[in-house]
Amino acid sequence: MSWKDIDKRQLIIILACFIGTFILSIIRVQPTGVTYELGEVNAYASLGDVGIFASILILGLPWGAVTSVAGLILGDIVMGSKLFIIGNLLIGSGMALFVSAFAAKCDDWKKCFVIAGMTEAIMVLGFFIYDLLIVREFSVVGIAVLLQLAQGIVCGAAGAVVLRYLPPMQPDRMLTVRRSPDER
């Protein structure tokens with residue numbers, strides 16, 4: 001799909017998902033900046049992950065991933081958390097691909113909570129590794145992982161509700177997970 005294939009209605013939906021994710025990403029719980037030897041780190045917890053769930057379900061791939069990750073990154077830029085831009089690019093994209101692959105399997109609450117929980121586990125584990133590699137300051141990583149756990153719980157619960165009540169609107173633009181004949 002290219003820019004030429006997008007009509008005005010779809011462009012409005014893309015912009016709405018982008019702006020919605022951006023707004024959700026700047027609603028933050030952020031303790032005062034933690035200073036370490038390389039400078040100040042703005043560790044935070046936000047609602048931006050909910051934008052990933054909604055954008056993927058509304059737009060499918062690739063636009064759902066692009067708009068939600070771009071909204072997260074713009075939120076980082078505006079809020080002064082530039083250190084997390086690459087992390088949100090990589091980890092947010094992974095989360096979007098996971099949601100796209102498994103959202104269609106949400107036909108009951110248990111599955112919705114499992115898929116949302118696993119999506120948030122990608123975030124917590126991904127940012128834990130990212131923080132260890134980039135920040136390399138255990139006190140900062142400790143604060144960040146506590147905030148990410150809180151974010152994972154809140155966004156996982158909200159994501160499960162989104163998965164349960166918002167069916168994929170572009171099912172042909174979602175990833176499909178196929179089982180081998182032995183697993184059926």
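Which residues does the UniProt annotation "transmembrane region" cover? The entry, which is unreviewed, lists residues 12-30, 50-74, 83-102, 114-133 and 140-166. The model discussed here is predicted.

## Overall build

The chain holds six helices and four strands. Their order along the sequence is α-β-β-β-β-α-α-α-α-α.

The chain has 184 residues, and 44% of them count as buried. Take the contacts between residues at least 6 apart in sequence: 74% of them join residues at least 24 apart.

## Two annotated spans

Two of the spans that UniProt labels "transmembrane region" are residues 50-74 and 83-102. Residues 50-74 are 88% helix and 0% strand. The end C-alpha atoms of this span lie 16 Å apart.

Residues 83-102 are 90% helix, again with 0% strand. Here the end C-alpha atoms are 30 Å apart.

## Asp76 and its partner

Asp76 sits in helix H3, which runs over residues 63-79. Its relative accessible area is 0%, so Asp76 is buried, the cut-off being under 20%. Setting aside residues up to four places away in sequence, Asp76 touches Arg28, Tyr44, Ser81, Lys82, Phe84, Ile85 and Asn88.

Side chains of opposite charge can pair when their charged atoms come close. Asp76 forms a salt bridge with Arg28, and the closest N and O atoms are 3.0 Å apart. The pair links distant parts of the chain: Asp76 belongs to helix H3, Arg28 to strand S1 (residues 28-29), and 48 residues separate them. Both Asp76 and Arg28 are buried. A polar contact of 3.0 Å also joins their side chains.

## The other salt bridge

How many salt bridges does the structure hold? The count is two. Besides the Asp76 and Arg28 pair, Asp107 forms a salt bridge with Lys111. In the Asp107 and Lys111 pair, the closest N and O atoms are 3.1 Å apart.

Asp107 has 49% relative accessibility, so Asp107 counts as partly exposed. Lys111 is partly exposed too, because its relative accessible area is 37%. The partly exposed class lies between the buried cut-off of under 20% and the exposed cut-off of over 50%.

## A nonpolar surface patch

Leu11, Leu15, Ile19, Ile23 and Ile27 make a nonpolar surface patch. The patch covers about 410 Å². One of its members, Ile19, lies in helix H1 (residues 8-26). At 44% relative accessibility, Ile19 is partly exposed.

## Gly117 and Ile153

Gly117 is part of helix H5, residues 109-134. Gly117 counts as partly exposed because its relative accessibility is 32%. Which distance separates the C-alpha atoms of Gly117 and Ile153? The value is 7.8 Å, although the two residues are 36 residues apart along the chain.

Key. Residues are numbered from 1 along each chain as its sequence is written. This is a predicted model: local features need pLDDT of at least 70, side-chain atom pairs count only at pLDDT 80 or more; totals for chains, interfaces and linings use all residues. Side-chain values use heavy atoms; hydrogens and water are left out. Helices (H or I, at least four residues) and strands (E, at least two) are DSSP runs, numbered from the N terminus. Buried means under 20% relative accessible area, exposed over 50%, partly exposed in between (1.4 Å probe, protein chains only). A polar contact is a pair of N or O atoms within 3.5 Å; within protein, one must be able to donate a hydrogen and the other to accept it, and residues adjacent in sequence count only if both atoms are side-chain atoms. Contact means heavy atoms within 4.5 Å. Patches are made of residues with over 30% relative accessible area and no salt bridge: like charges are joined within 9 Å, nonpolar side chains (Val, Leu, Ile, Met, Phe, Trp, Tyr) within 5 Å. Accessible areas come from the Shrake-Rupley method with a 1.4 Å probe; for residues, only the protein chains shown count as cover. A salt bridge is a side-chain nitrogen of Lys or Arg within 4 Å of a carboxyl oxygen of Asp or Glu. UniProt positions are given in the numbering used here, feature names are shortened, and annotations may be inferred rather than shown by experiment.
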